[in-house]
Amino acid sequence: MKRSQINYAVDKAHAIAETFRVCLPDFAYFTADVWRQQDRAEWCEVLDLRLGWDITDFGRGDFSQTGLTLLTLRNGLLGSANYPKPYAEKMLQIQQDQQTPWHFHTHKMEDIVNRGGGDLCMQLAWATPDAQYDGQRIVDVSVDGQRRTFKPGDTLVLKPGQSVCLPPRLYHRFWAEKAFVLGWEISMVNDDLQDNHFLEPGGRFPAIAEDEPVKWLLCSEYDGLRE
């Protein structure tokens, strides 16, 4: 991704949050320059747990078609005495027709919520023991407490206000139809370094082409603040 795309995506995310009257924490508004002025010890939880902005094209090189804008609001660290929180929360912003590719989480259970906008469409299928797509096994999930059954690859449509609970090792891909979708993720502890498995090669974090100055730091760039 180009740095200009990342800068624009975060600017746009702030505007969309304001449109939906979603108030964000202070660190969501820290520019790169403001981050460099902060006391690192005061913000160690944000830095260590990678709270903050996460803009990705999943290594596909076409953010408008395959990409996602996320803001991690809270998280924990398994086995840590300093960060014992057992849950995580993210804001998801999904542009119309923008998709997140097939993936599953080995350990994390998560609820995905459509907070407003268009339809959040999702396809589901179990992973086989060797992490392939299981085209035979029926999928049972809970949609706002209602048991729903799907054939592998069938489309679940979440209207604004609806949510689905996704257990570990359930492949899923999703996209927005009719309009932009403000999504939300409420989950067990999130580990984007170890707990994601993609069906097709790509990447969780983007390679960045520096075509303009950095305005917003991504959570994957915090290590540079420690140098």
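Visitor: Before we start, what counts as buried here?
Guide: Buried means under 20% relative accessible area. By that cut-off, 52% of the 227 residues of the chain are buried. Keep in mind that this is a predicted model.

Visitor: OK, how many helices and strands does the chain have?
Guide: Three helices and 11 strands. Going along the sequence, the pattern is α-α-α-β-β-β-β-β-β-β-β-β-β-β.

Visitor: And what's the radius of gyration?
Guide: The chain has 17 Å, which agrees with the value near 17 Å for a compact globule of 227 residues. As for its dimensions, the C-alpha trace spans about 55 × 40 × 35 Å along its principal axes.

Visitor: What share of the contacts comes from residues 24 or more positions apart?
Guide: Taking contacts with a separation of 6 or more, those residues account for 74%.

Visitor: Let's switch to α1. Where is that helix?
Guide: Helix α1 runs over residues 3-19. From its first C-alpha to its last it reaches 24 Å, close to the 24 Å expected.

Visitor: Which of its residues are buried?
Guide: Arg3, Ile6, Asn7, Ala9, Val10, Ala13, His14, Ile16 and Ala17.

Visitor: Why would residues three or four places apart point the same way?
Guide: Because an α-helix has 3.6 residues a turn.

Visitor: So what covers the buried residues of α1?
Guide: The cover includes strands β1 (52-56), β2 (68-74), β3 (87-94) and β10 (170-188).

Visitor: And what follows α1?
Guide: Arg21, with a positive phi near 60°.

Visitor: Last one, charges: how far apart are the mean positions of the positive and negative ones?
Guide: They're 4 Å apart, for 24 positive and 33 negative charges.

Note on methods
Residues are numbered from 1 along each chain as its sequence is written. This is a predicted model: local features need pLDDT of at least 70, side-chain atom pairs count only at pLDDT 80 or more; totals for chains, interfaces and linings use all residues. Side-chain values use heavy atoms; hydrogens and water are left out. Helices (H or I, at least four residues) and strands (E, at least two) are DSSP runs, numbered from the N terminus. The radius of gyration is taken over C-alpha atoms; the globule rule is 2.2 Å times the number of residues to the power 0.38. Buried means under 20% relative accessible area, exposed over 50%, partly exposed in between (1.4 Å probe, protein chains only). Contact means heavy atoms within 4.5 Å. Lys and Arg count as positive and Asp and Glu as negative; His and the chain ends are not counted. The place of a charge is taken as NZ of Lys, CZ of Arg, CG of Asp or CD of Glu. The expected span of a helix is 1.5 Å times one less than its number of residues.
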